[in-house]
Amino acid sequence: MNQALLAFRWYIVAQLFGLAALPLCLRLFRHLPDRGYGVSKPLGLLLTGWFFWLLTTFGWLHNTPGSIVVALVLIAAVGIALYLINQPTNQLPWRTVLITEAVFTLTFTAWCLVRAHMPRIQTAGGEKWMEIAFLRAILRSDTFPPHDPWLSGFAISYYYFGYVIVAMLTRLAAVPPSIAFNLGLATLFALTCTGAFSLVYNLIRNQISAAKPGFSTILSALLGPLLLAVMGNLEGLLEALHARGIGPALFWQWLDIRALDAAPPAFAEGSWAPTRFFWWWQASRVLQDYTPTGAEQHVIDEFPAFSFILGDMHPHVLALPFVLLALALALNLYLRMPTAAVGPNGEHPIPYPQSPFTIWEFLVYALCLGGLGFLNTWDFPIYLFIVAAAYTLAHSRLTPHASRLTFYALRFTLLFIPLLVVGIILYLPFWLGFQSQAGGILINLFNATRLPQFLIMFGPLLFIATAFVADRARRNGVRVLQVVKGTLTVLLSILGALAVVLTLIALLIWLGVIPARGPAAYVAGWLRGGPIPGLENVADARALISRSLLSRLLNPWVALGLIALLVAIVLTLTHAPQIPNPKSPISKFVLLLFAIGALLTLGVEYVYLRDNFGTRMNTVFKFYFQAWVMWAIAGAYALARFARRGGAVVVIIAALLIVAGLIYPALAIPARAGEHGGPPTLDGAAHLAEAYPDDYAAIAWLNENVSGGPVILEAPGDKFRAYVYEGRISAHTGLPTLLGWAGHEHQWRGNYEEQARREPDIETLYTSTNPGEVLTLLDKYGISYVYVGPLERARYPAAGLIKFAQLMEPVYNTENVTIYRYE
C-alpha cells in the first residue's frame, strides 16, 4: 500500500486519541488558557493505554484492535460524563486549537520526511533491534505482560509502556510494524513539539491580557519546540570549526572532546561540514570522565534533537510527550490554587487547608505520573517532585515568609506521598514483575564535570537561565553578596556532609562491620595498604588516587556555578514583594523549572546510580536529558519575556547562541540521511532486502505464516558483544528465542544466571549429533522452530546442522535458509 496513505491513516488514528480525551481535558485543565488541548493526545494515549494494558493483564480483554477500541470508548465516556456533570465556564479556544493542530501536522509531516531519508532499523550505533523486537513481541502477545523476544519463557523485564502505546496505534492504523516504527518516531517528535508549544503558550498567555493570541504570542510559543526538540548543543559548531581547520591544536586538546582533541585538518576551501564517519554521534559524548589511571570513561549526554536524529525509539524518547503532560499538570495545579487575601496590616495569613483535587482529578494525576514509571522509570520521581513542588510554591506565594518552612514541607509531603503510593499501585502488575540492574547510590569521587564541556552541552539554555534568574533577583532586591555567601555555605555543607559520610564508611570498613566487597574493597585496599581491585598491577596506585582526588577538588566550577544559580533562585523566591500578586506570577513557576534542572545537573557532580557499567554514564544521561527539557521550556518563556520587555542585549546574545545550537541539526540531518543512501521510504526493514536477502525473505515468511508466540531457535549474541547481527529473526518477527542480545538481558534483569545456563544448551543444540540430547533440549525449552540461515551456517559445523533434517520437518527451505518445525 502507498506509504503516504499509511501515514495519513496513522495520523487520523492519533487524532482519535486526542478527541477521546478532549472532554476530560476541558475539565482537568480548565486553568490553562488552551484548556489542555496541546497535551490532549498524550493524555488520551496514556489513559487508553493504561485501561487497555490493565484489562489485558488481568485477562479480561485480549490484545486485539477491538479491545483497544473498548478502552478508547471508556476514556471518552468517562470524560464526557465528567464534563456534563460540571461543565467548565471557559470554552475551548478554537483559534488556539487550529494553531496547535497546525504545529502537530507540520512537525509530523516534516519528521516523516526526515525519517524517510534515514529509515533503517539497524544494529549500528543504537538500540533499534531491541525496540522493534519489543514492538513486535507486544503485537504477538495475546495478553500482558508480553513475552520477552530475547529470553523465551520470560516476560519483558523493562519499562515497556511506551511500546504498548505505539502498538495500539499500529493495530488501529493497520500499519506494518517496520513502517510503524518510523511513523511512531514522527508522532513522538510532533507530540513533543506540540506539548512544548502548548506549555510556553500557556505560560505567556497567563502574563498578558489580550483576548486573542497575537502573532507575537504564537511566535514566542514556537520557541518551545525550537529549544526543546530542534536545537542541538554547541558541539555542532565545534565540528564545523574543526572541519574548517580553525583553532590551534592546544585549544582542541584543552577542550578534550574525543575525535576533536587532535589538531584540526589543514584549511580546506568551502569545507564547513564534517566528513568524519558518524561525526554527529559525538554531540552525545561531550563530557569525558577518567579513572585514576587515566583511562577514559564514556559519559552519555544526549539531548532531544540528537535522540530524534539518531532515531532510537528508546524509553527516554517515548516518554518525552508524557513528561510535558506532567509539566502541564504541574502548571495547571499551580494556577488553580486559591489565593488568600492580604490582612489589614499587610500580613499574609495561611490559607485554609484543603485538598488540591477532587477524587477523580487525583486519580488522573496519579495515573499520569505513575505512568512515567512504566514509560521511563527515572522520570517518575523527577516529575512527581515537580508537581508537589509546584503545589507548595503556589502556597508559598500566599504565605511567603521563610518562617512557614514547616508548613510548606508538610504541604509538599502530603501531596508527594499519596501520589507516589497511588501511582505505584495503579501500575502494580508492572512493578511486581520488574527487575533492574540498579544497585544503590554511589558517591562520585573522581570526576567533576569540566566547565568548558558543560557550557558546550548547555550553553544557550544556561545563558538564558542565568540572565533570567539575575534579572528576577535584581527586581526582588537580592544582593550579589547574599548569593556569594549562600553559595559558599551550601558548597561547604555538601563537602562537609560527603566528608562525614566517607569517614563513617571508612571507619565501618576498617572495623569489619561492612564487608570488603564491591566498592568497599577499594576503600579497604586504600586504608590497609593492600591491593586495590583493578589496580593490583599499577605501581603506586594510592598516589594515583590521591592525585585524582586532588584534581577533583581543584575543579569545582560547574558545581559552584549551579549552586550559585540555585541560591539566587531560592533567594529570589523568598524575597517576595511586600504585597503578593494574587495572580501568582508565572515567573515563579519558571524559576522552579530552572531550579530543578540545576538540581539534576548538580546531583551528578556528587552521586550516581550504581548499575552494570559502574560509572555515572547513565545517571548523567538521564538527568541531563530531563534538565534540557525543563531549561528549554523555562528558557523559551524567559526569552519571550526579555523580548517583550526590551531586553535587547540578552535577546541578541541568546539568538546568536541558539543559531550556534542550530548548526548541529542543520549538519547532522543531511549527514545521517547520507548514511542511508537508498531511496526514501518509511519501511525500516527495507534495507535488509538488499543487505541480507535470504534472512529478509525468511522473516517475511515467518511474519505471514506463524501466529502467536512459538519459540524459535537462532544463533544468539553474547554478554560482551552488543549491537550485533545475532537476534535478527526474533527482533524482526517478535517470536521469542532462547537468547538474543545477552548483554542487554543482563542489563534488564540485573544478573546473568539464566543467560549463562542457556548458552551451552544453544551450543549443544546446534553442534550435537546426538538425537536424544537434542530432542531433550528442544522439549526443555518448548522450541517449535529452528532457524538455520547464513549466520548459523557460518558459526556452527555442518554436521550439527544436518541432523535437524532427520528430526524435524522443514517448513521453509531456500538455498541458504531452512526453517524446521518441531511438534
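Helices here are DSSP runs of H or I with at least four residues, numbered from the N terminus. In this predicted model, helix 28 spans residues 693-705 and contains Asp-695. With a relative accessibility of 3%, Asp-695 falls under the 20% limit and therefore counts as buried. The side chain of Asp-695 makes a polar contact of 3.2 Å with that of Arg-728. Beyond its neighbours within four places in sequence, Asp-695 touches Tyr-725, Arg-728, Ile-729, Tyr-787, Pro-790 and Val-817.

Attention now turns to charged pairs. The model holds 22 salt bridges. One of them joins Glu-361 and Arg-336, whose closest N and O atoms lie 3.1 Å apart. Glu-361 and Arg-336 are both buried.

Glu-754 and Arg-757 form a salt bridge with a closest N to O distance of 2.8 Å. The two residues sit three apart in helix 31 (residues 753-767), so about one helical turn separates Glu-754 from Arg-757. Glu-754 is buried at 15% relative accessible area, whereas Arg-757, at 48%, is partly exposed. Further along, Asp-761 meets Lys-780 in a salt bridge of 3.3 Å, N to O. Here the link runs between distant parts of the chain, from Asp-761 in helix 31 to Lys-780 in helix 32 (residues 771-780), 19 residues apart. Asp-761 is buried at 14% relative accessibility, while Lys-780 is exposed at 55%.

The C-alpha atom of Gly-370 lies 7.8 Å from that of Val-422, although 52 residues separate the two along the chain. Apart from neighbours within four places in sequence, Gly-370 contacts Phe-380, Gly-423 and Tyr-427.

Helix 23 (residues 557-574) consists of 18 residues and extends 26 Å from first to last C-alpha, close to the expected 26 Å. Its buried residues include Val-558, Leu-562, Ile-563, Leu-566, Ile-569 and Thr-572. The buried residues of helix 23 pack against helix 19 (451-475), helix 20 (480-510), helix 24 (586-603) and helix 25 (617-644).

Conventions
Residues are numbered from 1 along each chain as its sequence is written. This is a predicted model: local features need pLDDT of at least 70, side-chain atom pairs count only at pLDDT 80 or more; totals for chains, interfaces and linings use all residues. Side-chain values use heavy atoms; hydrogens and water are left out. The expected span of a helix is 1.5 Å times one less than its number of residues. Buried means under 20% relative accessible area, exposed over 50%, partly exposed in between (1.4 Å probe, protein chains only). Contact means heavy atoms within 4.5 Å. A polar contact is a pair of N or O atoms within 3.5 Å; within protein, one must be able to donate a hydrogen and the other to accept it, and residues adjacent in sequence count only if both atoms are side-chain atoms. A salt bridge is a side-chain nitrogen of Lys or Arg within 4 Å of a carboxyl oxygen of Asp or Glu.
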